[in-house]
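I set out to look up several points in this structure and to record each one as I went.

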Amino acid sequence: EIGPILIRTGLKRLELSRLVNNLLEATQPVPLQFLINGQFLRTTIDDFLTQNGISAETTLAVEYVKALIPPQTIASYEHDDWVSSVDILSSPQQSRILSGSFDGLIRVWGMSSDLLATGTGHSSAVKSARFISPTQVVSSSGDRTLRLWKYEDTDIGTASLTPTLELYGHNASVDSVAVHAPSSRMLSSSADHTVGLWSTRKSDAPAAQEELIPVSNKRRKITPTAKPTATRGPLSLMSGHASQVAEVCFDETDATIAYSVSWDHTLKTWDLATSKCVDTRTTPQSLWSVCHLPEKSLVAAGTALKHITLIDPRVSAQTVSAMTLRGHTNAIVSIARDPKSSHQILSGSYDGTCRIWDLRSVRNDASEKIGEEVFRIERDAVRQARKLGTRFEGGVKVFGVAWDAEVGIVSGAEDKKVQIDRQA
């Protein structure tokens, strides 16, 4: 066992990496990063000690981890309109990417930029789309509905999306949908200030309210040649928010618990068994996105004020915000977990970037803990224009992100593209 090592405080990360590789007698040196008191070393050790008020004679516990590699853009898929939502069906044989667009269509893509299937049915922009299973998809829209689709792959490189169920219950745009396949449950958030709970099975769902079904649908039902899609209603609609509900998600460890965030500045915790709100956390700003981080017992909420606040939803929590992640320059509208690490999350923002955050990279600032980005991912069109000495003039707002261990980081944006970035 190696005891404390005396080192020069002028060392930087690269020199410290060489030292540790030598101590480990590594035949193939591995680039390393170092954590001191929960913070990544980004300067010399001497500068770190000075910034944190630590004596140079202090014995430091230094943790080393494999250095992270910046993601590189490997593909992009062109759409006819803004891309509002993305999801990934991961498979060693044939992964698929699902996109929802402002043109009212959902699309399924192969990994070779090939469009496999298109779903037509929504009469307004698709706001959210998710795989429920390899054979079932759900989408939500500004037309106030959720729709279920049967997805089928073929052996000839094509696929199909067939509508199977139309869900009515909300009185305004349905802006997000979350899925828990094992319990056959879905959640929706709406501009009508409510959270919806739905079943993925037609047999379990109650009938939809007649007054919510468009007249055109009713006419189809009485037309002998028409084959109308079945309609159903929600298991429950949960009220409590005072403004638009931006996003909702399941608790990753308990599917009877859900979290919603709203423009009314609150994060609410819901008991789905009773459809009751059991806790409310109020923040100083509107909340636009949400993601549960079970290993940290935290909920990440993206705000309209350009930062992510990490909230401890447990009743015993003494403070609302456990940490704040700063770096974006516009509202954060989508958050995803790293599938390989409990320490990292991904965010997408109206500032046109996706950013990766490591929750171990923290600095104390006055009364709060501040996290800073590890990597920034720009839209490929912006990077290409910069290489040519010009400026990309189109819109680049990022609307949706997803992260998969095999596929990589997928984002949809105002540039009408799905972009895939991957770490080598």
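The entries below take strands, a sheet, single residues and cysteines in turn. I note at the outset that the model is a predicted one.

**Entry 1**

I began with strand S6, which covers residues 96-101. How many of its residues are buried? I found 6 of its 6 residues buried, so the strand is mostly covered by the cut-off of under 20% relative accessible area. I then separated the two faces, since in a regular strand the side chains alternate between the two faces of the sheet.

Next I looked up the pairing. Strand S5, residues 83-89, pairs with S6 in the antiparallel sense over 6 bridges. I noted Arg 96 in S6 as the bridge partner of Leu 89. S5 and S6 make a hairpin, and 6 residues lie between the two strands.

I turned to strand S7, residues 106-109, which is joined to S6 by 4 bridges and runs antiparallel to it. Here Ser 99 is placed opposite Arg 107 in S7. S6 and S7 also form a hairpin, this one with 4 residues between the strands. In its turn I found Gly 104 with a positive phi of about 85°.

**Entry 1: Ala 125**

I looked up Ala 125 in the loop between strand S8 (115-119) and strand S9 (126-133). Is this residue buried or exposed? Its relative accessibility is 10%, and I therefore recorded Ala 125 as buried. Ala 125 and Gly 100 are 25 residues apart along the chain, and I read a separation of 8.2 Å between their C-alpha atoms. With neighbours within four places in sequence left aside, the residues in contact with Ala 125 include Ser 101, Phe 102 and Gly 104. Ser 140, Ser 141 and Gly 142 are also among its contacts.

**Entry 2: Arg 147**

I located Arg 147 in strand S11, residues 145-153. Arg 147 has a relative accessible area of 10% and is therefore buried. Which side chains does the Arg 147 side chain meet in polar contacts? Another, of 3.0 Å, joins the side chains of Arg 147 and Glu 166. Setting aside neighbours within four places in sequence, I listed Gly 121, His 122, Val 137, Val 138, Ser 139, Leu 165, Glu 166 and Tyr 168 in contact with Arg 147.

I checked backbone angles next, because most residues other than glycine have a negative phi. Arg 144 is not a glycine, yet has a positive phi of about 80°. I placed Arg 144 in the loop between strand S10 (136-141) and S11. At 44% relative accessibility, Arg 144 is partly exposed.

Ser 184 likewise has a positive phi, near 60°. I found Ser 184 in the loop between strand S13 (174-180) and strand S14 (185-190). Its relative accessibility is 7%, so I recorded Ser 184 as buried.

**Entry 3: the sheet S18-S19-S20-S21**

I traced an open sheet of 4 strands in the order S18-S19-S20-S21, with antiparallel pairing. Which strands stand at the edges? They are S18 (245-250) and S21 (276-282); each has a single partner strand, so one side of each lacks a neighbour in the sheet. From one strand to the next, I noted an average twist of 20°. Strand S20, residues 266-271, is joined to S21 by 6 bridges. Within that pair, Cys 277 in S21 is the bridge partner of Trp 270.

**Entry 4: cysteines**

How many disulfides does the structure hold? I counted 0. Cys 249 is in no disulfide, and the nearest cysteine sulfur, that of Cys 291, is 6.4 Å away. Cys 249 is buried, at a relative accessible area of 10%. For Cys 354, the closest cysteine sulfur is again in Cys 291, at 14 Å, which is too far for a bond. I recorded Cys 354 as buried, because its relative accessibility is 2%.

Methods. Residues numbered from 1 in each chain as written. Predicted model: local features only at pLDDT ≥ 70, side-chain atom pairs only at ≥ 80, totals over all residues. Heavy atoms only, no water. Buried < 20%, exposed > 50% of the residue type's maximum accessible area, 1.4 Å probe, protein only. Pairing = 2+ DSSP bridges. Axes fitted to C-alpha atoms, helices over the stretch in contact; angles between N-to-C directions. Polar contact = N/O pair within 3.5 Å; in protein donor to acceptor, adjacent residues only side chain to side chain. Contact = heavy atoms within 4.5 Å. Disulfide = S-S within 2.5 Å.
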